[in-house]
Amino acid sequence: MFVVKITSYLCKDCGYCVKFCPKHILEIGTERNSRGFFYPHLTDASACISCAICASMCPEGAIELPAEGETDNG
Ligand code: SF4
Ligand code: SF4
């Protein structure tokens, strides 16, 4: 099981992840990141199929799918 992790400050609000998520569970929010861009969030994490399309579409590397429980120490 992988969980979508969005690093909000890297986002440039291109909308690719929202457009290409096959489950339509990514949505651009109403808060701006530190660079002034609106960034996405998951609307229904339980519906995510961990396909990683969002991560592969993001030109900014703002989306990762680390394994659940994975830590920075490995
Ligand atoms: S991993 Fe797939 S289903 Fe989950 S949010 Fe990303 S594109 Fe959507
Ligand atoms: S694809 Fe990346 S840069 Fe574009 S809106 Fe999604 S998170 Fe932001």
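How many bridges join strand E2 to E3, and which way do the two strands run? There are four bridges, and E2 (residues 26-32) and E3 run antiparallel. Keep in mind as you look around that this is a predicted model.

Let's stay with that pair for a moment. Ile28 stands opposite Pro40 in E3. E2 and E3 form a hairpin with five residues between the strands. In this hairpin, Gly36 takes a positive phi near 90 degrees.

Now zoom out to the whole protein chain. Its secondary structure comes to two helices and four strands, and along the sequence they follow the pattern β-α-β-β-α-β. The radius of gyration is 12 Å, close to the 11 Å that the globule rule gives for 74 residues, so the chain is as compact as a globular protein of that length. Its C-alpha trace spans about 30 × 30 × 20 Å along the principal axes. Of the 74 residues, 16% count as buried. If you take contacts between residues at least 6 apart in sequence, 63% of them join residues at least 24 apart.

Next, the two ligands. Here is who surrounds each of them:

Finally, two residues have a backbone angle worth a look. You'll find Asp13 in the loop between strand E1 (5-6) and H1. Is Asp13 buried or exposed, or something in between? Asp13 counts as partly exposed because it has 15 C-beta neighbours inside 10 Å, while being buried would take 20 or more and being exposed 12 or fewer.

Ser50 is the other one: its phi is positive too, about 55 degrees, although Ser50 is not a glycine. This residue lies in the loop between E3 and helix H2 (53-57). With 13 other C-beta atoms within 10 Å, Ser50 is therefore partly exposed.

Note on methods
Residues are numbered from 1 along each chain as its sequence is written. Chains are lettered from A and ligands numbered from 1 in the order in which they are written. This is a predicted model: local features need pLDDT of at least 70, side-chain atom pairs count only at pLDDT 80 or more; totals for chains, interfaces and linings use all residues. Two strands pair if DSSP finds at least two bridges between them. The radius of gyration is taken over C-alpha atoms; the globule rule is 2.2 Å times the number of residues to the power 0.38. Two residues are in contact if their C-beta atoms, placed from the backbone, lie within 7 Å.
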